[in-house]
Amino acid sequence: MELDPDDVFRDDEDDPENEALRQRASSKELVVYLVDASPKMFSTNCPSEDQKDESHFRIAISCILESLKTQIINRSYDEVAVCFFNTREKKNLQDLNSVFVFNVADREFLDRPTAKFIKELSRLEEFFVKEIGSQHGIVSGSRENSLYNALWVAQALLRKGSAKTADKRILIFTDEDDPFGNIKGGAKADMTRTTLQRVKDAQDLGISIELLPLSQLDREFNVSLFYADLIGLQGEDLAQFVPAAGERMEDMKYQLRKRMFKKRIVRKLTFSVANGVSIEVHTYAFIRPTVLGSITWLDSVTNQPIKIERSFICADTGALMQEPPKHFQTYKNQNVKFSVEELSEIKRVSTGQLRLLGFKPLSCLKDYHNLRPSTFIFPSDEEVIGSTRIFIALHRSMIRLNRFAVAFYGTSSHSQLVALVAQEEIIDSGGQVEPPGMHMICLPYSDDIRHAEELHSGTNAAIPRANEDQIKKAAALIKRIDLKDFSVYQFANPGLQRHYAILQALALEEDDLPEIKDETVPDEEGLARPGVVKAIEEFKLSVYGDKYDESDNAGHKKVSEASKKRKALADGAVQKSAQYNWDALADSGKLKDLTVVELKFYLSAHDLPVSGKKEDLVKRILTHMGK
Amino acid sequence: MEVGGYEHVVVLQNIKVVDGDLVETLKKIPRGTLPGDFLDAIVVGMDMLIKKYSSTNKGKKRLCLITNGLSPIKDPYEGSKEDQVNAIAQQMTSHGMKLESVVVRESVVLDENVSVMEENDRILNLFPKRTCAKMVFVESSTSLLGALKTRSISPVTIFRGDLEISPKLKIKVWVYKKTSEEKFPTLKKYSDKAPSTDKFASHEVKVDFEYKSVEDANKVVPPEQRIKGYQYGPQVVPISADEWDAVKFKPEKSVKVLGFTDSSNIMRHHYMKDVNIFIADPGDQNAILAVSALARAMKEMHKVAILRCVWRQGQGNVVVGALTPNVSDNDHVPDSFYFNVLPFAEDVREFQFPSFSNLPASLLPDEEQQEAADNFVKMLDLAPSDKEEMLQPDFTPNPVLERFYNYLELKSKHPDAAVPPLDKTLKRITEPDPELLAKKKSAIDSLLRHFEVKQNPKLKKSMKRMREKPSGSDEEDNYRRITSKNKVDLIENGVKVEKIGDLTPVQDFELMMSRRDNPEWINRAITEMKNKIHDLIEDSIEGDNYPKALDLLVALRKGCILEQEPKQFNDFLHQLCKFCLEHDLRSFCDFLASKGITLISKTEAVDSDVTEEEARNYLVKREAKPE
């Protein structure tokens, strides 16, 4: 963690610690994975991606593993339990037969996933037969009902946490579509009834139950035999269920590793519209650069966390002191002192929080009017009744008239001129793409804008401009390399994904790093298509004539001129350097008697850096001579 | 010192390093009544630069002309005015001088001056065509402040190399920052430990960081023994920097075009950071053409380019962003591109919001209200067609920085000066322009007539958000002290008023004053009341808050007499009147005088040092004194 010594100057809007705190407080998910461990799950094989056959059991486990690996990064506060049923051994709080709750040390049955938990689960097959064992739990003639037991155990585990703050789920992995198929007569009806009753009880407690069926090659999982009643499927959903569940399994495996953020209000603002009339708006952070998860400094010897202690020392007396209340700036050869209060008073230039100043056409908002990510604004009637209505009216007017609002956003520590751009709601088949509201964009001040483009403005000749033909060729090129459905959401950050992958590999002591695809590289194949190549060649010919290859080196030529000069200097230095007997000078300790210019002869002649104080130069020469 | 031959041109100060004296000299700038010839002024200024630096410092010499351009310029002895401009421009070019003209026109020019103005504008406009010159028009003192560049930053490229459209087409470009936030200066911490006799004391404070084990506070960990730990679920995984470097994402330095896409695919609020500018390598004529052709074609076709950038070798991440065309209309400035960083999939948080159209009708505006809003948005126009755009970012200074530097100057002379209120010129940035509000009063009134806002009465008072405190953290400290001391008290006695609210401020104040559990409450109540009054006056538009402020002032006066705190009230009244006079709020003083508000006299409170007569005359006297 980097310490910011000047807390006074920090913009308090996006306090990362605060964010983490609030996230923790928000609702979490509690999940129990119920995995059928009957012998059938091991005997049926399905062809997997790499053409090797995989048992249903293994498919289920790898699916859970992938999901856990994502979860530990995305939502590490969520809690999980993995529970097998139809097992030989039993391990559960109720001591019910045929149910085994898998766990590792230092962890409750239902708890946050840990690296060790994931690692042990991935090694499960090595010890499954010995320690857990597979066995049919429902056999005719006995009253045992392993499915019932499993649901009971799961429900008991999920008693943790209140239904209001936690989202509770049971996920069942099985390939047995008719669990009571081999039971006859009244016993079957009885078992079905009690099992369904148990499910209903769980649902009444706010637990949702989901099924992830595993179909056999020759026969599809028949939901209507038993599970349709269990999970409450009817009509059209019934037909859609199996294929949809297949997709869900895929989704669980290939989720993007990203930290999830719950929707939360960054700030509640008073938006002063006119003549003392203010409405209430809430701001939300929609787009913020994702930072790598929090970093803790550790002592590399003990791996124990360390804390940072800050102390203030008076530079003049060396005395230890308290955090000084005053700051100073040197101005006109004197130290002008400021108290912390004075500094915060200077920064407080506005009493209102968001103050409307007026409206401008959207064309006044230039592409370079940006400094940081925007903030989303949505109205609220919670405290000020009537806010939403004014906000919507202004929102509609601004869209209709193609205008944005200019406002001043001032908090006690930071203030900024902002543009409020109305955004209309955009909906596609997948739901809301852009919510309706306004985006608050930070406008730069004249102090923040630079004019680099004027830097090289020639004073004599006018700057060349492209002619009609060149523009036409450029247009043809642009048409060829078109990204039709580009969306800003489409690329994963390759650096971040790599980071997570490495972290996972190191935490789980995996041997090889998972391959991360960099989606941001250009489509080389597409660029080599003849149509594209032709357009590129025509553009080149139009702009560069036949001199493209030469011009490619133009930059280097210029550089070489500078380097020629440098070379000449070095040559001179070599000659001059030869006039000294460096060895003798060094041995007699007389190097320090030479001037800096003289010392530099040696350094330039030997291609060494010539920067630094005289002592540094002498030291560098001696090191180079090996003395 | 008048310069020979050039009438009405005075050299106030020859070129020298800026110091305090110069600031003083500038304050006493002579104001003449005679029209001046700006061409003469340019010649004199140019001459000064040439005499001092002859042809050295090419490109660093800058002339800044500030004029209203309304005085006629003389015809030259020979040749035309154009010839004269040409001659001057040539001189400037050969000496590597830049000219910046700021033309200030605060009010509309009257008939007889129009022809002079047009002629002058034409003459001034010749400079940018002939030499390295820039001309801007400003219409307010605020924009003038923004147009003057006080701190110039020598631009540094962040990338020089190829803009790769395909492996076969690479354009040489240089990338600079276009915007970069100018931060509040970091002040040094002040130490008062050095004896006052020590003239050479630096008064600086060194901040020392020590790393200690969390478990054993006596164990200091040397900085090089630290290692970064990364959160993985509940665990922390220690990973050394070397380990990371070996495996982390290491893209090659490059800037590649992924393709072009419709500009409508990129939303304005997707822009993430400060903006870069891409300029063709100034030494490569063909690159300038290529950039020009692409920029112009993109503009015509409404396309943007999507780029993948790795600015430096060894950078641990890639940046994906949008390149938008910036077509130049100045012959001396090349076409260029702006580059804005776009978010990755991980950076976007998908929050859902209700559609406006799905909201209940009670929250939606009706037709009449919509019309009033439309009219309001149209009327409150900051960029009317007949005037310069107001609050243009390029001409709007950062009010906080301006205020700081003004205060710095003030403090260098009067170390105990308080922070002065925000300058009127700067208020045009933080608050709506009263002139505009007055002009568009009907549109504003109509908006306010059509909409009603009110505080939600259901909300408990304690829940209500506190208004921002108007100054420093003093009160905050008081507040904390009180609350911590009296926590038990408060719980025992039920809810007590701790804050002056907006609804019943007078009652709140009285309740607070009558609290006996801590003497601090009185001070706090008084301070809060003062702030409230201050805010009301400051926020008031055409005196609409005056009666409310008066009520509070009367209550405050009564309270101060009761609690024998006359000085608090008297000082505040002094301060308030001063503030009003400085801020064009004279009307409030007059209002107070008309309502018979006086200082607290000796007869009313023994501690007061004001006689009854003084008290009665205080405001009256003010009124009589012409300002």
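**Entry 1: two helices in chain B**

I began with helix 16 of chain B and helix 18 of chain B, which are oblique to each other. The reason is the angle: their axes pack at about 55 degrees, and angles from 65 to 115 would count as roughly perpendicular, those under 35 as roughly parallel. I noted that this is a predicted model.

I looked up the spacing next. The axes of helix 16 (residues 546–562) and helix 18 (residues 586–594) of chain B lie 11 Å apart. I checked the hand too, and the crossing of helix 16 and helix 18 of chain B is right-handed.

Then I listed the contact. Helix 16 of chain B brings B:Tyr546, B:Pro547, B:Ala549, B:Leu550 and B:Leu553. Helix 18 of chain B answers with B:Ser587, B:Phe588, B:Phe591 and B:Leu592. I sorted these residues by type: eight are nonpolar, one is polar and none is charged.

**Entry 2: one strand in chain A**

I moved to strand 18 of chain A, residues 403–410. I found eight of its eight residues buried. I took the faces in turn. A:Arg403, A:Ala405, A:Ala407 and A:Tyr409 are buried on one side. A:Phe404, A:Val406, A:Phe408 and A:Gly410 are buried on the other.

I then traced its partners. Strand 15 (residues 354–361) of chain A pairs antiparallel with strand 18 of chain A over seven bridges. In strand 18, A:Arg403 stands opposite A:Pro361.

Strand 19 (residues 415–423) of chain A also runs antiparallel to strand 18 of chain A, with six bridges between them. A:Phe408 has A:Leu417 of strand 19 as its bridge partner. I followed the chain from strand 18 to strand 19 of chain A and found a hairpin that joins them through four residues.

Technical notes: Residues numbered from 1 in each chain as written. Chains lettered and ligands numbered in written order. Predicted model: local features only at pLDDT ≥ 70, side-chain atom pairs only at ≥ 80, totals over all residues. Heavy atoms only, no water. Axes fitted to C-alpha atoms, helices over the stretch in contact; angles between N-to-C directions. Parallel < 35°, antiparallel > 145°, perpendicular 65-115°, else oblique. Left-handed = near helix turned anticlockwise from the far one by under 90°. Contact = heavy atoms within 4.5 Å. Nonpolar A, V, L, I, M, F, W, Y, C, P; charged D, E, K, R; others polar. Buried < 20%, exposed > 50% of the residue type's maximum accessible area, 1.4 Å probe, protein only. Pairing = 2+ DSSP bridges.
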